[in-house]
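Here are some exercises to work through with the structure open beside you. Try each task before reading its solution.

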Amino acid sequence: MTAAANAREAILNSVRSALRRGPLDDKRRAELDARRPQHTRPAQDEELVARFIRKFESRAGTTARVASRADVPAAVEAYRVDKGLPAHAAVGAALKDLAWPAGLAVHHDPAGISETMAVSQALAGIAEPGSLMMASGPASPITHNFVPDDHVVVLDAGAIVGHFEEAWEVLRARAEGMPRATNIISGPSRTADVEQTIQLGAHGPRRVHVIIVG
Amino acid sequence: MEIRSKEFKERAVFAIHDASLQQALGKARGGFVGKRAQQAAELPEFEQLREEAKNTKNHILDNLDHYLERYEAAVTAAGGHVHWARDAEEARKIILDICKRVDAKTVTKGKSMVSEEIGLNEALIEHGMEVVETDLGEYIIQLAHEPPSHIIAPAVHKTKDQVSDLFEAAHGGPRKTEVADLVNEARRVLRDKYFRADVGITGGNFLVAETGSSIIVTNEGNGDLTQTLAKVHIVTSGIERVVPTLDDATLFLRLLARSATGQETETYTTISTGPRRAEDLDGPEEYHVVLVDNGRSKMLGGRFKDMLRCIRCGACMNHCPVYGAVGGHAYGWVYPGPMGSVLTPLIKGLDNAYDLPNACTLNGRCASVCPVKIPLPDLLRELRHMQHQQDITPVMQRRALKVWRYVATRPKLYHALEQVGARFLSAIAKNGSIRRLPLASGWTDVRDLPAPAGRTFLELWQGKRGQK
């Protein structure tokens with residue numbers, strides 16, 4: 001047996017001997033695999049979009065709401081101009097089909113070290129804590145979520161769910177399975193590591209702006 | 001990391017006289033406690049969740065072998081690799097071998113207490129690699145060549161002035177004095193490291209058996225840049241961190257941020273599953289998880305099984321009067337405070353950490369805030385009991401305890417001595433207090449001892465009953 005296999009068996013055997021039993025039988029294993037926990041979910045009595053906005057903004061995130069997907073480029077451009085950002089952006093390929101303004105240089109590659117703004121499509125919103133759920137993939141590179149100073153996220157109002165558990169159902173329903181990275185984002189990057197003083201923009205985006213569609 | 005818990009008393013005395021440390025601890029003390037209390041009060045289900053979290057962890061621990069195997073199968077199916085390490089040395093070797101195979105020159109690290117536990121940084125540096133801690137707190141203490149003093153706020157013992165000095169020495173001037181400028185400077189320096197890194201190492205708050213995912217919870221985003229931009233992502237985690245499903249992870253997520261930093265949620269919860277897919281544009285090409293036992297499976301069988309429920313939130317140390325007075329470094333190893341006083345003797349040996357279980361007033365605050373209801377004072381008392389049984393307790397203390405037992409089991413003798421004591425103390429008191437008392441200088445050196453009334457409680461009580 002190789003050293004690696006040895007260590008694996010030794011640890012599993014040590015666990016079993018501590019539990020004073022041998023390996024579980026197939027019946028018990030099947031029962032454990034079939035277990036569907038029903039943990040307590042914190043009560044909510046608020047409309048989902050309103051709660052999402054309230055919670056997300058409570059942590060220094062900002063939001064805007066537009067009527068349809070076609071309105072997204074103008075809302076992004078308004079944000080960019082308002083913040084005085086350069087006229088270029090990394091845009092997830094999920095938003096490729098939108099009519100981006102001619103003056104805005106857009107690409108769909110990962111975000112490099114000098115990228116200033118990224119625009120991404122969220123897979124879902126979770127109203128419970130007011131968080132975005134991003135699924136990585138060719139249409140939504142992970143670097144878009146973390147490298148630029150400004151992150152603009154497009155979220156469909158209908159994709160906001162109440163609790164985490166419902167967001168997991170969205171993940172489980174994906175034909176392609178789990179993405180490499182599922183990023184749940186609750187606002188701008190922050191730190192309190194110097195004398196517990198909260199400072200935004202530690203390593204990730206300094207600002208996160210959500211455009212809610214619908 | 002070399003254990004120095006035997007020096008607890010000396011280190012505690014040093015800490016109490018360290019003005020900068022006391023200033024830093026003073027600033028931290030109220031914040032964590034108040035914010036946690038507010039979060040707990042705002043969630044009516046909080047106590048219910050604590051009970052469920054305790055029961056769920058117990059269920060996991062009772063079936064740990066199965067959930068670990070299921071987790072391993074799911075990681076493998078997602079294209080990742082699981083490695084098993086019996087102890088710190090095996091864990092270091094596994095990680096070193098991966099780093100050497102990909103010819104790693106720069107290794108970035110997100111916060112990982114297990115990597116501290118296994119002494120990883122020293123091993124990588126010894127083999128010529130540049131190791132960069134990217135969590136701001138970890139980065140600060142790496143510049144100071146110090147270990148973390150808190151499991152979630154590693155640089156909590158540093159004042160802003162000290163951080164300014166460290167940054168000026170490392171990055172050059174001009175010296176920054178505002179928190180915003182210090183954070184920006186670290187951001188700029190570390191950006192470059194993320195993009196150059198060959199290997200990125202993070203911890204794992206939870207390992208999900210259902211999906212083969214590791215979950216980390218952070219505020220800064222450093223853990224994400226670390227694992228996304230390096231060619232190889234390695235996760236270090238204890239074997240007890242596995243949970244069956246995403247729904248189970250959620251139960252603990254609802255408690256973790258509230259208990260740790262007093263936030264409703266941390267900024268980033270990241271679920272990592274395997275390496276980048278063929279069609280992905282970014283992400284690591286390899287994904288490895290190192291499952292570290294290092295004494296945990298042994299704990300599972302005995303009286304300390306409860307300790308394996310720990311989700312490393314740090315609430316116990318935030319609420320501990322001893323930790324609040326001396327800070328984390330006095331404890332002499334990786335894990336400080338109440339949870340560290342239980343774990344250190346169990347992982348590093350009872351005789352290597354004699355003072356830790358005894359540096360506790362048994363006030364019980366830690367247990368009352370623990371999100372998974374670990375009975376920390378009971379476990380500390382149990383360790384004291386074991387120390388006594390294994391003859392580790394000092395001889396003088398053992399003799400004194402024997403005398404105490406002799407007296408305490410003889411009520412007449414006990415009350416007679418009590419009467420002598422009460423009269424003696426009352427006689428030497430001035431203005432109702434005692435300034436100096438032989439054999440009790442530990443108390444009277446720093447404060448007066450209130451004098452007793454001259455008669456014992458029993459005498460007074462019996463006097464009252466006689467009056468009726």
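**Exercise 1.** Find how helix α1 of chain A and helix α4 of chain B pack, and which residues meet.

*Solution.* Start with the axes, which are lines fitted to C-alpha atoms over the stretch in contact, with angles from 0 to 180 degrees between N-to-C directions. In this predicted model, α1(A) (residues 3-18) and α4(B) (residues 64-77) make an angle of about 155°, their axes 9 Å apart. Helices here are DSSP runs of H or I with at least four residues, strands runs of E with at least two, numbered from the N terminus. The two helices are therefore roughly antiparallel, a label for angles over 145 degrees.

Next, look for contacts, meaning C-beta atoms, placed from the backbone, within 7 Å. Leu12(A), Val15(A) and Arg16(A) meet Leu64(B), Asp65(B) and Leu68(B).

**Exercise 2.** In which order do the 6 strands of the open sheet in chain A stand?

*Solution.* Read across the sheet: β1-β12-β7-β4-β2-β3, with parallel pairing. A pair needs at least two DSSP bridges. Then check the edges: β1 (62-66) and β3 (105-107) of chain A each have a single partner strand, so one side of each lacks a neighbour in the sheet. From one strand to the next, the twist averages 25°.

Now zoom in on β2(A) (residues 88-91), joined to β3(A) by 3 bridges. Opposite Ala89(A) you will find Val106(A).

**Exercise 3.** Which strands does helix α3 of chain A lie across?

*Solution.* Follow α3(A) (residues 48-57) over β1 and β12 (207-213) of chain A; the helix runs at about 150° to β1(A).

**Numbering and confidence.** Residues count from 1 along each chain as written, and chains are lettered from A and ligands numbered from 1 in written order. Local features need pLDDT of at least 70 and side-chain atom pairs 80 or more, while totals for chains, interfaces and linings use all residues.

Note on methods
Two residues are in contact if their C-beta atoms, placed from the backbone, lie within 7 Å. Angles under 35 degrees count as roughly parallel, over 145 as roughly antiparallel, 65 to 115 as roughly perpendicular and the rest as oblique.
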